[in-house]
Amino acid sequence: KFHIIAHSFGALLALKLAGIIEASGMKGQLTLIDGSPEMLATIVRTHMIGKTESDFQNYVLGYLVTLMYQNVDSRKKLEYLLTSETWHEKCEKTVDLLLELGYKYGRDDMQCLLNAYYGRAFLLLSETEETYNLIEKSPCMFIKPSDTTLEHQSETYELKKYFKNNVQVLSV
């Protein structure tokens, strides 16, 4: 038996892992907290429509900076993105900005963070339903906030299509 607990982006990894484990004959339980491939892919695709890869990179970096420092005038502070050609240059300038704003982590840690977020966003663009095996034996508990910020087609954030059995929902 196995029990996989995952939050947000981890739901993608949990679904892939559960499919692999079930294929080897095991049965378990999944607990997914406020995340689903469909939800995350929708967020990414919404911001990618009609944009170049460079525009999308700028969006990801700008989003992270304003998320970390909500009082930052993003238009003024993030103008450097428009003058940067490569992802590496954009990341270096973003790290410089974060250090200037007083972000407490080191340069290497911040570089890893920026690369990880962009890698996740890019991965979501290539995900499809066929990427996952149907979870046939293992039940799923889906925990979601009662106050959501995004509209979803279903109460389970469209997770039902990945499971043969019903997905139990708990709103907190």
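1. Leu 97 sits in helix α6. Helices here are DSSP runs of H or I with at least four residues, strands are runs of E with at least two, and both are numbered from the N terminus. Leu 97 is buried at 6% relative accessibility. Buried means under 20% relative accessible area, exposed means over 50%, and partly exposed lies in between (1.4 Å probe, protein chains only). Tyr 80 is 17 residues away from Leu 97 along the chain, and their C-alpha atoms are 9.6 Å apart.

2. A word on the basis. This is a predicted model, in which local features need pLDDT of at least 70 and side-chain atom pairs count only at pLDDT 80 or more, while totals for chains, interfaces and linings use all residues. Residues are numbered from 1 along each chain as its sequence is written, and side-chain values use heavy atoms, with hydrogens and water left out.

3. How does α6 (residues 87-100) pack with α7? The angle is about 125° and the axes are 10 Å apart. Axes are lines fitted to C-alpha atoms, for helices over the stretch in contact, and angles run from 0 to 180 degrees between N-to-C directions. The pair is therefore oblique. Under 35 degrees would count as roughly parallel, over 145 as roughly antiparallel, and 65 to 115 as roughly perpendicular; the rest is oblique. Residues of α6 in the contact include Trp 87, Cys 91, Val 95 and Leu 99; those of α7 include Arg 107, Met 110, Leu 114 and Tyr 118. Contact means heavy atoms within 4.5 Å.

4. The crossing of α6 and α7 is right-handed. That term applies if the near helix is turned clockwise from the far one by less than a right angle, and left-handed applies if anticlockwise.

5. α7 also packs with α3. Here the angle is about 130° and the axes are 11 Å apart. So α3 is oblique to α7. This crossing is right-handed. From α3, the contact takes in Phe 56, Val 60, Leu 64 and Met 68, among others; from α7, Leu 114, Tyr 118 and Phe 122 are among them.

6. Helix α2 (residues 37-48) has twelve residues, so at 1.5 Å a residue it should span 16 Å; its end C-alpha atoms are 16 Å apart, in agreement. The expected span is 1.5 Å times one less than the number of residues. Pro 37, Met 39, Leu 40, Ala 41 and Val 44 of α2 are buried. The buried residues of α2 pack against α1 (10-23), α3 (53-68) and α7 (107-126).

7. The axes of α2 and α3 come within 10 Å and cross at roughly 120°. That makes the two helices oblique. The crossing is right-handed. Val 44, His 47 and Met 48 of α2 meet Glu 53, Phe 56 and Tyr 59 of α3.

8. Check two backbone angles. Ser 8 is not a glycine, yet its phi is positive, about 55°. Ser 8 lies in the loop between β1 (2-7) and α1, and is partly exposed at 24% relative accessibility. Asp 34 has a positive phi too, near 45°. Asp 34 is in the loop between β2 (28-33) and α2, and is partly exposed at 25%.

9. How many disulfides are there? The count is zero, where a disulfide is a pair of cysteine sulfur atoms within 2.5 Å. Cys 91 is buried at 0% relative accessibility. Cys 140 is buried at 3%.
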